[in-house]
Amino acid sequence: MTRIEHAQELRSRTDVHINCAQAVMMVFADKMGITEEQAQALGTYFGSGMGRGRTCGTLTGALMVLGMAGGTNSDVHELWQRFGDAHVGTDCRDLLAVSAAAGTPRKVHCDGLIYEVIGILEDLLA
């Protein structure tokens with residue numbers, strides 16, 4: 001199973017909500033040297049822009065992955081650059097506003113960001 005497929009499986013669960021940060025972190029738990037359960041717990045309060053519409057949970061999750069998996073400052077810069085080049089900003093509330101204006105459902109929007117950030121991390125950690 002690919003990391004994207006794993007994230008799709010996590011996000012389709014109905015027994016528990018897996019937020020954006022958790023989904024990113026859980027699929028890289030092996031690279032972080034922790035269990036999926038630990039990654040899930042660590043990411044609990046980073047979804048929905050830390051619950052305040054601030055920095056997107058996919059980014060906060062990715063930063064934790066890079067920190068635990070031996071990423072470099074250059075990797076962090078590239079993550080921010082690639083995400084910033086593709087979107088209007090990095091705050092959850094701004095990203096969701098653009099998505100809502102386009103008529104994209106929130107889950108579809110957030111899932112797309114999760115898969116995008118997983119792809120960036122796969123490139124950086126290859």
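A polar contact is a pair of N or O atoms within 3.5 Å; within protein, one must be able to donate a hydrogen and the other to accept it. Keep that cut-off in mind for Asn-19. The model is predicted.

Asn-19 sits in the loop that links helix H1 (3-11) to helix H2 (20-27). Its relative accessibility is 8%, so Asn-19 counts as buried. What does the side chain of Asn-19 find there? One of its polar atoms lies 3.0 Å from the backbone nitrogen of Ala-21. On the oxygen side, the backbone oxygen of Thr-44 lies 3.1 Å from a polar atom of the Asn-19 side chain. Leaving out residues up to four places away in sequence, Asn-19 touches Arg-11, Gly-43, Thr-44 and Gly-47.

Now follow the chain into H2. Here Val-24 is in contact with Thr-58, Gly-61, Ala-62, Val-65, Ile-114, Val-117, Ile-118 and Leu-121, again setting aside neighbours within four places in sequence. Several of those partners return in the pairing of H2 with H9. From H2 come Cys-20, Ala-23, Val-24 and Val-27; they meet Cys-110, Ile-114, Val-117, Ile-118 and Leu-121 in H9. Two packed helices are described by the angle between their axes and the distance between the axes. For H2 and H9 the angle is about 35°, and the axes are 10 Å apart. The crossing of H2 past H9 is right-handed.

Val-24 also belongs to the largest nonpolar core. This core holds 33 residues, and Val-24, Val-65, Leu-79 and Leu-121 touch the most other members. Two or more residues come from each of H1, H2, helix H3 (29-32), helix H6 (57-68), H7, H8 and H9. Which element gives the largest share? H9 does, with eight residues. In soluble globular proteins, nonpolar side chains tend to be buried together.

H8 is one of the contributors to that core. This helix spans residues 92-101, and its buried residues are Cys-92, Leu-95, Leu-96 and Ser-99. Why do they lie on the same side of H8? They cover an arc of only 95° around the axis, which puts them on the same side. The spacing fits a general rule. An α-helix has 3.6 residues a turn, so residues three or four places apart point the same way. The buried residues of H8 pack against helix H5 (47-53), helix H7 (73-86) and helix H9 (106-124). Just after H8, the backbone of Gly-103 takes a positive phi of about 85°.

How values were computed: Residues numbered from 1 in each chain as written. Predicted model: local features only at pLDDT ≥ 70, side-chain atom pairs only at ≥ 80, totals over all residues. Heavy atoms only, no water. Buried < 20%, exposed > 50% of the residue type's maximum accessible area, 1.4 Å probe, protein only. Helix = DSSP H or I, 4+ residues; strand = E, 2+ residues; numbered from the N terminus. Arc of directions from axis to C-beta. Contact = heavy atoms within 4.5 Å. Core = buried A, V, L, I, M, F, W, Y, C linked by side-chain atoms within 4.5 Å. Axes fitted to C-alpha atoms, helices over the stretch in contact; angles between N-to-C directions. Left-handed = near helix turned anticlockwise from the far one by under 90°.
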